[in-house]
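Student: Could you take me through a close look at the place where the two chains meet? Once that part is clear, I would enjoy a short tour of what lies beyond it.

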Amino acid sequence: MSKEVAIVGVGQTAFTRACGVTIKELCFEAFKEALEDCNLEPKDIDESIICSAPEYDKQRSPAGAINEYLGLNPKPTFYAESICSSSTTGIRVAYGLIKSGLSSVVAVIGFQKMSELSSREVQERMGRGSDIMWESPFGLFMPAGYALFARNHMKTYGTTEEQLAKVKVKSSKYAFLNPKAIYQREVTLEDVLNSRVIASPLKMYDCCANADGASCVIVASAEKAKKITDTPIWIAGIGSASDALSIAKKTNLTGLTCTVEAARQAYAMAKVEPKDIDVAEVHDCFTIAEIMAYENLGFCKPGEGGKLIEEGQTYIDGKIPVNIDGGLLGKGHPIGATGGSQVRTIVQQLRGEAGKLQVKGAEIGLVHNVGGVGLYANVLILRR
Amino acid sequence: MGFERFGKVSYVSETKVKDFVNYLEQGKIMGTQCRICKKIYFPPQMDCNNCYSKDSMVWREIVNEWTLITYTTAHFAPTGFEDDIPYILAIAESPEGIRLFARLSKDVSEDQLKPGMKLKLVPVRLPNDKISYEFKPIGG
């Protein structure tokens, strides 16, 4: 296994509806927690990468504002963006900076303050997430994009609305035990099935909630990591891929091709197979997205994702525990912070620090973070 | 200028394919094709991303037969579409192997839809001198 780049520190704020603080203050909290997690001081950080989806920012070029507030000047800083997968894109860039020798310790800080905008402004931006020339003029928006996948998955494989709903039931169970999650209430199958329709067949509880929050992941070279901590978590595999932005031009409408490709790269680099993964965080922005992720990451065959959740195989004691922190559906989805939060969960699992949510003996973990409707995908394989 | 007439809410005005709107006005649904590598584009574009030949693209009428793949009824909408709720969004495929995303005609309801059903694409005039296209069931 490659032991060249490691994660040494992680932190995140609580994910909330409206945080009541600035983006700088949000990032400060996550950064401070990550520094304390590995006993580093700001002066030990060589470089910072700030990640968010810019359409939600009021501040132009947030990297500069945040780097200043964290007291990191004159250290280099810049912005990394791939919408919902921005912070794992930041980790990918950090990996490159460290392997090239340009930096030894890099802080990847992801954030989003979605309450910065009025719901009307959010609604306006929502309409521009698809191809603005040929698809936005019809009123396409994110849940409708995933709904088109959901309907096609149901038609092709016989996946049911109950199976989709079971993903949310699982998420709510673990979010209830995660103090940083937005939802602190368990929901039943009936709650999900009876929630109002957003874009058929997806209902309100099939969709994750917009949120405010920040995350921080501190990445270090092998040499530094061994000095900083006794429990470095190694980035054993890292894969990244893209697919068409246009919904009609996706390679496949039953799964996310970018996930398949990013996972192939990550498994090959880490020299492991899907069956070797002990715990996974997958990008469940919608219930259908988690079911497709099971299949596209190789946890089951194409078309068997519905059955996998039905059998309870992705619960904490199942064959492949998935999103044992509530996932996006349970924690909320502050776009730029989400990938870093997923990584934090897996790092805690591999260190054995996940408390009530600990998957026993977890040694190899996977993070799957998607941007847009299957537009960008990053897959990381982490090892103790 | 010119392309801003396409769609209920438009975000693009200048493009090399603005003639698409004029063709649509005449009832023609036009795609483009590269004269060199023969790749067909719909929606149209004037740059060939297959062979990258210069000035190789020509307008051509598309084969207007579509098979419904998937659809969703939106009960929620981005800014500018609130009055349309509920509306049906669909993806369909043509015999030329083109997949297209568009709205379904307002006079069709979700329970009338079945993946695999045949559709055609028709120009549709909208208020404020705007124009678009939508899927309509054949015979419907």
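**Where chain A meets chain B**

Tutor: Gladly! In this predicted model, 30 residues of chain A are in contact with 34 residues of chain B. On the chain A side, the elements that contribute two or more residues are α4 (119–126), α5 (142–157) and β5 (197–199). Of these, α5(A) gives the most, with six residues. If you colour that side of chain A by residue class, you will find 17 nonpolar, six polar and seven charged residues.

Let's step across to chain B, where the domain assignment gives domain 1 (3–61) and domain 2 (66–137). The C-alpha centres of these two domains of chain B lie 20 Å apart. They also touch each other: twelve residues of domain 1 of chain B are in contact with 13 residues of domain 2 of chain B. On the domain 1 side of that contact, helix α1 (residues 19–25) of chain B gives the most, with three residues. By class, the domain 1 side holds seven nonpolar, two polar and three charged residues.

The axes of helix α3 (residues 86–100) and helix α13 (residues 338–351) of chain A come within 5 Å and cross at roughly 70°. Angles of 65 to 115 degrees count as roughly perpendicular, so α3(A) is roughly perpendicular to α13(A). From α3(A), the contact is made by Ser86(A), Ser87(A), Thr88(A) and Ile91(A). Their counterparts on α13(A) are Thr338(A), Gly339(A), Gly340(A) and Val343(A). By class, this contact of α3(A) with α13(A) has two nonpolar residues, six polar ones and no charged ones.

Leaving aside neighbours within four places in sequence, Phe28(A) is in contact with Tyr69(A) and Leu70(A).

How values were computed: Residues numbered from 1 in each chain as written. Chains lettered and ligands numbered in written order. Predicted model: local features only at pLDDT ≥ 70, side-chain atom pairs only at ≥ 80, totals over all residues. Domains from an automatic or database assignment. Contact = placed C-beta atoms within 7 Å. Helix = DSSP H or I, 4+ residues; strand = E, 2+ residues; numbered from the N terminus. Nonpolar A, V, L, I, M, F, W, Y, C, P; charged D, E, K, R; others polar. Axes fitted to C-alpha atoms, helices over the stretch in contact; angles between N-to-C directions. Parallel < 35°, antiparallel > 145°, perpendicular 65-115°, else oblique.
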